[in-house]
Structure formats: structure tokens, C-alpha cells
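Here's a quick walk through some strand pairings and charged contacts. Have the model open as you read.

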Amino acid sequence: MSRHRPSRLLAACLLAPAVLVAVPATAQARPAQAPPAHDHPAPAAEGRSFTAAEVRAEVDPGEAAALGTEHAEAHARARLGLRAVGEYPQSTRTARLKELTDTQARINAGFDASAFGAFKEYFPSPDFAAHVAMLPTGKVLLFSFERIETNPQKEPAPTDTIGAENAGRAFVWDPAKGTGTDAFKKVTPPTVVMPDGLNIARPAPFFCAGHSFLPNGMLGVFGGNLGGNGGSGAKLSLVFDPWTETWAQNQDMATGRWYPSVVTGADGRQLIMSGQSELGWGTPTPIVERFPALSRPVPYAKTDVPRNQPIERFKADAPFTRDYPHLFSLRDGQVYAFGRQAAEQWVFDPVAETRSDLPARPDGTMRNYGSAVPLPGGWEGPNSALILGGDRDDPGTYRFSDGKWTADQARAFGRTQDDTLILPDGTLFTVNGAYDIRDYGNGTYNPNADLKYRQVELRDAEGKWQLGPVQRLPRGYHSNAVVMPDGRIMVTGDELQQLANNPDITSDQNGTIEIYEPAYLHKGPRPALDQVPQQALGYDSRFTVTTSTPDQVQRAVLLSPTTATHAVNTSQRHLELRIKAREGNTLTLQAPPSAAAAVPGWYMLFLLDANGVPSTAQWVQLAPDALRSATALK
């Protein structure tokens, strides 16, 4: 079962006081505890132990045969614990939210927004947002599952459910329309009949899938939940079209994948790795697949929607024993795969279709879901990655660069389920986090989180971390965050905390969104970015943009849009653009040198002043010269 301290599932205490944690002068990494038998959490009843006879009576013979007696008995105790959990009243939800709101205001009054940024908005959303994608239209895609439970002390997702209840759902939020219900549009995934023996059609259960962007701005989504046996992988292959806000279905993958990772390479094709197979939990697949297949063209045009297209097997395998590895395409064009197990670190050559070993991560432990980022590498693209989070006991961060690992500066404390973003000015921002998977420090499935995880952390250009203000909710498992084109940060996710703090559990507003304004939005007026090219940009080409504030502009930056889940974000990328000439209100910029430096696709283009204050971004597309044309790509 997942690592946790003794459960206090039905603790009488509503909330503990929030405690701000100072960054220690020297933070020593501590070894993590032994890894769990598997990563999905097991609930437990507070103050109740079950006799051996009760446990044996609850054991499922099929589970015992497939998983072994000890594992099956653990599942049996989990089911007994769930039945012992009581109801969760609306009064508790209302009181929790008020306490969190009051403490956030009180604590954050001590933070100068010009130095630490500020949380500014908090509003309801119709989705839990276990998955999120910042679309090149300026809108945000949120998707997850239809809940089967409103009690935050129980599992709300239909992980072990087959049939109609095991269904996905999705919404698009348009920030231009504000924060009301009219700003959200339902975009239901395709109706499918899953191979679960029931022959019941339902919206595709794509939650706990993997995803990344295609060069035409569409989102490829692979895998999901077949249902049953502790979490079984679906073979689903879907594409979300942001231009028409519709879904398309492609041919099934060769294997089911629950919790896979997906990355887009320099050739514009996606590599899909890991995930639990259709056989159920404990059967991670080593098969690597590629989309689109080499026999099909890479989609660059907005009108080129992959539909019913095949996926093909990649020649090399990826024998991860844990799911959701971090995948990054770095400046050499290779795909670096950083597994959660310390020894499972590899690099893949997308052209030769080979795998090579990398040195083991020096912490020597298994890390649960924690974040990782490809560090900004100037105009040549990223050539190193920072692994951080995923271990409640280890605040250390680990940099991989030039074929070796080094210890980077530690954060204030260890946390799992954190989301770390690259901001337009090249600094890093960590938000969200928990004690373990759904063990928030007070027992599995207990929403009474250790509230230190509400506090964000900020990393400056020199690599120094410092703690910042607190968010409204403590968000852990299934939390997410994205950088928006206006430079603000959207924070969302964690269905248990959203259910535990819902002001009206009978409404259809299942989730919440918080907006954080980084410090750069409190340091004076923005530069202006008025016009950008309307045709795709060729690599290493020069292009012009216009600005009504030319004297303010010191830097030009490309920032890729984010798509993330389970603290895994393979799409992040930050590139400086060379400013080659200035003439009046016109700047001549030079595009990244190659697709290895910046994978093809859509990017947010920011202009920044000397203090790192960004303009509002405009969207540009990078594409190889042979595929660029104003009519085909725009």
C-alpha cells in the first residue's frame, strides 16, 4: 500500500493552523522510505482494526489468484475501511472553505506582491481537471471522469468500475469570457464501447491517460481506464482539435496504458511509453509506440485532423517498472526518459529507434509523482533537466546535464504531487503538493492536509529557492497548473480537496480554479506586442514583430504551452530569441536554430523588459521550411 503515517481518517479536528516554513540555511536530503507495493492509495478506517477472519471473508479469490494473498488482503482491508467511513456533511465543507479562505488572506497579507506574486482569483469549475492543456487558442482544456462518490474520504473516480459509470468528461474554459458558468463549454469525448464484456457505450474513459501536443496544435491523448483489477489500461488513442473544439478517435494502441507518458519529438511525432496494461495493476508495459506512424504525414495544418490513423510500435522498449516517467526532447534531438526508480534512466534515439542507459539518479530511491522541467538553455534550446519533488522526505533537486547528475539547490521541504512551471522570465514556480499520493499527512483519503503544502516556492535566475504565498486549497493528487498567455498561472485539480471544500455539493460545479499573478505582473507596465507573423516560422529564419513600446523591450522569449497530469509535464520549453535589429516599432527576431532546439508546434511569444515584465503573448507556429505555407498552416 502507499506509504503513510497512522491513519486519522475520521479525525474530529477540522483543520490544523497553517504553518509557514522557512527555507533552511542548508537542506540535507534524507533517504526515502521503502516504495509502496503499488501506487494507488488504500483507504483505512479510523480507530478500527479488522480481525483476520473478517479480512479473509472479504478477500476476492480472483484477486488472490492474480495478485497474491498479501496484496489481495490489503485490498480487502481497503474495502472494509471504505464501508466504515461515514458521511461528509455540507456544513463541514462550508466551514473548511471559510477557514482556508480566512487563513489565506491573513497569511498572504505578509507577502509583497512585487517580490512574491499574489493569488488573486478563486472560482468554481465544472471539472476536477485531473488533466489540463493550455490550447493555442488561448483557452484551456480540462478533463477527468464522471464522479461516482461525493465523500472526499472515498474514491470518487471509477477506477475499479466497468460499464456506464466508467466514463470521461471534458470542458473548455475561455478566460476571455470570465469566470462564470458561461465561460465553460462541455466537449464530451467520443462514445466508445470498452472491451469489458458489458457492451455498454459511454464517453471514452480517458482519465489517467498521457498526452502531448502535435505540431498543428492538436492534443494527442493516449490510454485511460479500462476499469477493474486495481486499474487497467485502455488502448484509446484520441485527438482534441482546439480549432473546432471537437474530438477525433484513432486506431487502438497495441497495448492498454493506464498512467502512460507521451512526448513530442523533433520530428513532430509522439512517443508513448509505460503505463499499466489491460491486464490490470502491476503489469506495466515496456512497449513504446509512435504516433503518427511513419507511413502517415505529421499534421501541421489546422485542418489536418488525425482520424482513424494507426499507431506503430517503436523498435526499442522502455522497461519502466513504475508509471508516468518524465520524458523530454532536448537540444540534441534525443528523448530523455527519467523514471521514478533511480536506476531507470534512459535516452532514446527517435531516428535509430534505440535505447541507451543513463547513470542512475544519485538519490538512489523510488520517487512518487513529483515534477521535472527541462531547464531554459538560451536560444539553442534546453540541454538539461531538473528532477524535483516526488519524495516527502527529500527536499533535494537533481540536475541531469552533459551525461551526469549533480545535486542542485534544495527546496524548503519534500513534497509529492507538486507542479513546477517555467515562467516567461525563465524562473521556476512550484505550486501544489502533498505528503504522499493521497496521504496528505493525516491518513490516506483524509482531506485534512498538512497545510504547509499550500505554500508555493519560487526559484530565481541563480537557482535559489524561496517560499512564497499560500494558495486557497491544499492540492495534491491530480493537481495541475499552466502558464496562460497573459503571464498568469491557472491552478486547479485534486478532486478530494475540491469535494471537501465544495460550497454546494449538489451543484454541477465539481472543481475550482485559482489564479496566481507572478511578481513580474506587479513591477510596472507591460511591454506591448502588437503584431506577429501570421504564417508559420521557419527554423533559424528572421522575422519581424511590432511593438508600440520598443524602448521597453529587452528580451524576446518563446514559451511552449503546457499539458500536464500527475505532476508530469513533457511539453514545457523556454527559448530566448535573438533580437537581430531594431527600427522604430519593428523588431527583427531570429527563430530557434532547429527542430531539436524547439520541437515543431505552437508557442507563446512574449516580449520582456529589463525587470522581466512580460507582454501579453501572441501565438506563433514553428515548422520545417518544406512544410511552411500561409495557406496550409494557417
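## Salt bridges

A salt bridge here is a side-chain nitrogen of Lys or Arg within 4 Å of a carboxyl oxygen of Asp or Glu. Keep in mind that this is a predicted model. By that rule, D317 and R313 form a salt bridge, with 3.1 Å from N to O. Both ends are partly exposed: D317 has a relative accessible area of 25%, and R313 has 48%. The count comes to 29 salt bridges, and a network of them links R361, D363, R367 and D394.

## Buried charged pairs

R411 and D418 also meet through their side chains, at 3.1 Å from N to O, and here both residues are buried.

Then there's R415 with E457, a salt bridge at 3.2 Å. R415 sits in the loop between β23 (404–408) and β24 (419–422), while E457 is in strand β26 (residues 455–459), so this pair ties together parts that are 42 residues apart in sequence. R415 and E457 are both buried.

## A hairpin

Strands β10 (residues 237–241) and β11 (residues 246–249) run antiparallel, with four bridges between them. D241 partners with T246 of β11. Four residues lie between the strands of this hairpin, and E245 takes a positive phi near 55 degrees.

Key:
Residues numbered from 1 in each chain as written. Predicted model: local features only at pLDDT ≥ 70, side-chain atom pairs only at ≥ 80, totals over all residues. Heavy atoms only, no water. Pairing = 2+ DSSP bridges. Helix = DSSP H or I, 4+ residues; strand = E, 2+ residues; numbered from the N terminus. Buried < 20%, exposed > 50% of the residue type's maximum accessible area, 1.4 Å probe, protein only.
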